[in-house]
Amino acid sequence: MMTKLYFVFLISVMSAACWADNTLKICIDDREWYPFIYHQDGKAKGLFVEITKAALAHNKIDAKFLVMPMKRCINVFARQGKVDAVIGVPFDKTLANKLHYPDDAQSNTSRWRLMQIDFNLVTPVQSTYDFSGQFQTIPRPIRIPKAYSKIIQKMNAKNIPVEISKQDESSFYKLIRDNSGSLITSSIMAVHQDETEKFHDKFIVHPYPIASLSYFLAFFDTKATSPALHQKIWMNIEYLRNDYVFMLQLLSEY
């Protein structure tokens with residue numbers, strides 16, 4: 001009887017220990033990128049955060065979010081083994097040897113993405129310019145937040161100079177203040193800024209997209225994860241993203 005009780009106790013202790021270690025440390029960029037990633041009362045918030053938490057919960061995994069500049073996350077914390085993953089990154093071939101992306105990450109629309117984000121051109125409401133895909137004709141200065149590195153690379157490849165700003169809101173402020181040039185932002189951010197009093201009805205969003213990018217939960221090489229676990233979590237992300245009720249409830253919060 002004592003042997004049986006000891007065995008049950010040992011299994012309980014082992015299960016508790018496994019659960020205690022069943023937490024992934026995930027870093028997110030320290031910028032404010034509403035509604036995808038931002039910080040409120042010291043806590044990570046946003047669509048990417050909530051989808052990631054729900055996907056991990058399906059695998060009985062907790063998440064600890066660490067807010068920091070992305071370069072510090074990848075070049076310092078990941079190298080020291082202090083983080084297991086990162087959220088809110090598009091595919092970047094320069095990081096492919098440091099991060100595990102889904103197999104289809106280089107496709108236009110990845111099956112395993114957190115979300116697909118469209119980026120559009122914005123001009124002052126008085127502007128008569130009409131963007132139809134001719135990048136060389138975009139009114140200058142072209143303002144782009146520094147976090148949109150893939151868009152910046154795209155413009156640089158076309159030899160188009162851009163004015164890099166700290167964040168989306170400062171780009172909108174400069175556009176309205178100067179009443180000239182243009183800016184590039186996500187379609188969701190444009191809608192959000194139009195709902196604010198200071199920017200409402202003061203700009204035009206051009207429907208022809210500048211770019212459309214898949215954003216991911218990507219993993220580092222750590223003992224806490226494995227390729228099999230990566231795939232299970234990406235599958236749960238796909239399931240949640242295609243769950244109409246879940247996404248409707250989530251979007252209603254933002």
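This is a predicted model: local features need pLDDT of at least 70, side-chain atom pairs count only at pLDDT 80 or more; totals for chains, interfaces and linings use all residues.
Student: What volume does the largest pocket have?
Tutor: About 860 Å³. A pocket is an open set of points on a 1 Å grid over the protein atoms alone, where a 1.4 Å probe fits, with protein on both sides within 12 Å along at least five of seven lines. The volume is the space filled by probe spheres set on the points, which are joined across faces, edges and corners.

Student: Which residues are closest to its centre?
Tutor: Asp-29, Met-70, Lys-146, Ala-147 and Ser-149, out of 31 lining residues. Lining means an atom within 4 Å of a point.

Student: Which elements give two or more residues to that lining?
Tutor: Helix H3 (70-77), strand S5 (85-89), helix H4 (149-157) and strand S10 (203-219). Helices (H or I, at least four residues) and strands (E, at least two) are DSSP runs, numbered from the N terminus.

Student: And the second largest pocket, what lines it?
Tutor: It has 14 lining residues, with Ala-105, Gln-106, Ser-107, Lys-150 and Leu-213 nearest its centre. Its volume is about 310 Å³. S10 gives the largest share of the lining, four residues.

Student: Back to S5. Is it mostly covered or open?
Tutor: Mostly covered: five of its five residues are buried. Buried means under 20% relative accessible area (1.4 Å probe, protein chains only).

Student: Which way do its partners run, parallel or antiparallel?
Tutor: One of each. S1 (residues 23-29) runs parallel to S5, over two bridges. S10 pairs with S5 in the antiparallel sense over four bridges. Pairing takes at least two DSSP bridges. Cys-27 has Val-86 of S5 as its bridge partner, and Ala-85 stands opposite Phe-219 in S10.

Student: New topic. Why does Arg-143 count as buried?
Tutor: Because its relative accessibility is 1%. Arg-143 sits in strand S7 (residues 142-145).

Student: What does its side chain make a polar contact with?
Tutor: The side chain of Asp-178, at 3.3 Å. A polar contact is a pair of N or O atoms within 3.5 Å; within protein, one must be able to donate a hydrogen and the other to accept it, and residues adjacent in sequence count only if both atoms are side-chain atoms.

Conventions. Residues are numbered from 1 along each chain as its sequence is written. Side-chain values use heavy atoms; hydrogens and water are left out. Buried means under 20% relative accessible area, exposed over 50%, partly exposed in between (1.4 Å probe, protein chains only).
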